[in-house]
Amino acid sequence: MDLVNRIKDYHLDILKEVGNIGAGHAATALSNLLNKTIDMKVPAVRLVSFNEITELVGGSENVVAAIYLRIEGEVPGNMFFMLPVNEANTLIQQLIVDKNFNLNHPPYPELGLSALQEVGNILAGSYLSALSDFTKLTLQPSVPALSVDMAIAILSYGLLELSQVGDYAIVIETEILEIVDESSHKTKGHFFLLPDPDSYEKIFHALGVPIDE
Amino acid sequence: MNEVIKVGMADLNVAKSPQKIRTSGLGSCVGVVIYDEVTKICGMAHIMLPVSSIGKAVSMNKAKYADTALDVLVEKLVKQGAKPTRFRAKLAGGSQMFKFTTSSEMMRIGPRNVDAVREKLKELRINIIAEDVGGSSGRTIEFDPETSKLSIRTVSQGVSEI
C-alpha cells in the first residue's frame, strides 16, 4: 500500500478543514491572551519530500522558537508550534512585562522560557481539543517541550516516525497572524501537524471519507 | 569557483576540491564525512535512522540508514577515484533536540544514530579522526576536502572547526 497514490483531492480538503478548526481555536486563544486581533491563513496541506522540507520551514538557516508535543491516543502524531525568534521575543516581553527578555543569546531567563512553554501549551492544547471534538477521536498530548534552534533540525524530529515508511510527509500547516492594519500583518507563528503514517486512515475514517484500498 | 554541493535529509553525495560539501539542520540526524586526503575527494551522508531493519518502506532509500548509507557512500567515492585504504571519517550531529521525561525509543534516536555510524565505520575499517556529537543543538556542517576541515555551526555557539 502506498498512501500517496490513494489519497484524493477531497482527502486533502478534509485535512485542510482539520487545520482550519484546530488553528482557528488556537488563534482565538492567542487573541484572548494578547487582547489583539489574531487571524489565520487558509491552511496549506502539502505532500513534501524530505528534501523539500527545508523550504517549508523558511530555509536552512531559519531560527525559531518551537514547542513540540507528541500526540498519543487513537491518532498518534507530532505537533509543532513555531515562532520566528523575534516574534517569540515580543510575545514574551508582553506577557512577563520585561523588555529585556530575548532569545538571541543563551542562557535564556527561566521565567520567559516557561511563559513561552505555557503559551505553546495553551495554543497547541486548543488546537488539539478542537480537533478531538470535531473528529470524536481521543488525542492525548504530551507535556510540551521547548527548543530554540534551526527550524529544520527541530522539524526533522517530527519526521522520524514517517521516515520509517517513506521519504515524504503530509504536513498540515497553518499560519496565524496579527492584523496590524488593513494592508499589513505580522506572522505570529506556524502550526505543523504531522500525523504518524497509520493515523491518516483513522482521521479520514472518522470524518467519513475512508481511503479506498 | 567555490561550488558547494548540498546534501539533503536522508541523502548523500560526493565532492572534490575545490568543491565543498554541506548539509543543514542536523538534529538527531548524523552527518558523516568520509574523505581521502590525497585525491581530495570526499563524501557526505545525512543519516536519519540507525538500522534499515526498522524501516517498513516499500521502496528503500539506502541513504537514510547508517548501516546502508555508508556502503553506498564508499562505493561512490571509489567510483570517483578515491582510495579506500586512505579513507578517514569525521562526524557531527546526533543531538537530542527535546528533553522528555517519558523516554520512548524514538526520543533517543540521536545517540542511537551515532552508535550505529561508529559501528559501521569500524566494520569498514575507517578511522574516525574527529567528531562533535550529542548535546541538544542543531548543527549545520560544511566540509572542505582541500583542508579536511569540518566546520560546524550551531545557533548558540557560532562556528567551530574539527
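I began with residues 11–45 of chain A: 69% helix and 14% strand, with the end C-alpha atoms 10 Å apart. Helices (H or I, at least four residues) and strands (E, at least two) are DSSP runs, numbered from the N terminus. I then took residues 112–147 of chain A, which are 67% helix and 17% strand, with end C-alpha atoms 13 Å apart. UniProt, in an unreviewed entry, lists both stretches under "domain: CheC-like protein". Its positions are in the numbering used here, feature names are shortened, and annotations may be inferred rather than shown by experiment.

I noted the ground rules. This is a predicted model, where local features need pLDDT of at least 70, side-chain atom pairs count only at pLDDT 80 or more, and totals for chains, interfaces and linings use all residues. Residues are numbered from 1 along each chain as written, chains are lettered from A and ligands numbered from 1 in the order written, and side-chain values use heavy atoms, without hydrogens and water.

Next I looked up A:Glu175. It lies in strand S7 (residues 168–179) of chain A. Is A:Glu175 buried or exposed? A:Glu175 is buried, at 13% relative accessible area (buried is under 20%, exposed over 50%, partly exposed in between; 1.4 Å probe, protein chains only). Beyond four places in sequence, its contacts (heavy atoms within 4.5 Å) include A:Asp39, A:Lys41 and A:His190.

Last, I turned to chain B. I found an open, mixed sheet of five strands, in the order S2-S5-S4-S6-S7. Strands S2 (12–16) and S7 (127–133) of chain B are at the edges with a single partner each, so one side of each lacks a neighbour in the sheet (pairing needs at least two DSSP bridges).
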